[in-house]
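Dear colleague,

I am handing over the structure we spoke about, and my notes on it follow directly below. Please read them beside the model and tell me where you would look further.

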Amino acid sequence: MKCDASTFAQLYETVYHDLYRFALCLVKDGHDAEDAVSEAVVSAFENIGKLRKAESFKSWIFTILANVCKRKLRKDANHKSSEQSLEVYQDAAGVQPDYGLALDVKQAFFVLEDEEQLVIGLSVFGGYNSAEIGSMLSLNASTVRSKRKRALEKMECVLR
């Protein structure tokens, strides 16, 4: 696809709020989410020639962002495991969070294929419904529901 800076800006304008929300749901930190979105946008702009159809822009840039977030999470996990302390954190109610379960869920999430991660991320973490996800990923709403169901079943199998 041929694309100049103004065309890219128009395409980006349609998704920038959703990109940040999606990244924030995945990395759970505002600054990291901003960094991930920035990195994904730069990568998308540099590789816009590889995009075949403008209609696919939304799913294409979300895939790039998901990959950037995965890299950040892996890097952070490696960094944290190498300097992990013995501190125990508690939430406001005084209950200790189950970090083992959270780690298991993250690992189950990363077992999923890229498109499944996008569907689950947008649905569970982002709060989008199947019609909205379908429009983002150029899929039927019923296809999104099927993919979501299978992905959640796959995660459930991994978590058992």
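Helix 1 (residues 5–13) and helix 3 have axes that come within 11 Å and cross at roughly 140°, which makes helix 1 oblique to helix 3. Here axes are lines fitted to C-alpha atoms, for helices over the stretch in contact, and angles run from 0 to 180 degrees between N-to-C directions; angles under 35 degrees count as roughly parallel, over 145 as roughly antiparallel, 65 to 115 as roughly perpendicular, and the rest as oblique. The crossing of helix 1 with helix 3 is right-handed, the convention being that a crossing is left-handed if the near helix is turned anticlockwise from the far one by less than a right angle, and right-handed if clockwise. On the helix 1 side Ala-5, Phe-8 and Tyr-12 meet Val-37, Val-41, Ala-44 and Phe-45 of helix 3, where contact means heavy atoms within 4.5 Å. The residues of this contact divide into seven nonpolar, no polar and no charged, with Ala, Val, Leu, Ile, Met, Phe, Trp, Tyr, Cys and Pro counted as nonpolar, Asp, Glu, Lys and Arg as charged, and the others, Gly among them, as polar.

Some points on the source. The model is predicted, so local features need pLDDT of at least 70 and side-chain atom pairs count only at pLDDT 80 or more, whereas totals for chains, interfaces and linings use all residues. Residues are numbered from 1 along each chain as its sequence is written, and side-chain values use heavy atoms, with hydrogens and water left out.

As for the chain as a whole, the protein chain holds eight helices and zero strands, helices (H or I, at least four residues) and strands (E, at least two) being DSSP runs numbered from the N terminus. Buried residues make up 32% of its 160 residues, where buried means under 20% relative accessible area, exposed over 50%, and partly exposed in between (1.4 Å probe, protein chains only). The accessible surface of the protein chain comes to about 10,100 Å², and 52% of that belongs to carbon and sulfur atoms; such areas come from the Shrake-Rupley method with a 1.4 Å probe, and for residues only the protein chains shown count as cover. Of the contacts in the protein chain between residues at least 6 apart in sequence, 67% join residues at least 24 apart.

Helix 3 (residues 30–46) also packs with helix 2 (residues 16–27), their axes coming within 8 Å and crossing at roughly 125°, which makes helix 2 oblique to helix 3. This crossing of helix 2 and helix 3 is right-handed.

Not counting residues up to four places away in sequence, Asp-18 touches Lys-58, Phe-62, Tyr-128 and Met-136.

Ser-130, Ala-131, Ile-133 and Gly-134 in helix 7 meet Ala-141, Val-144 and Arg-145 in helix 8, a contact of four nonpolar, two polar and one charged residues.

Helix 8 also contains Arg-150, which counts as partly exposed at 48% relative accessibility. Arg-150 lies 34 residues from Glu-116 in sequence and 8.6 Å from Glu-116 in space, C-alpha to C-alpha. Ile-120, in helix 6 (residues 114–125), is buried, with a relative accessible area of 2%, and its C-alpha atom is separated by 10.0 Å from that of Arg-145, 25 residues away along the chain.
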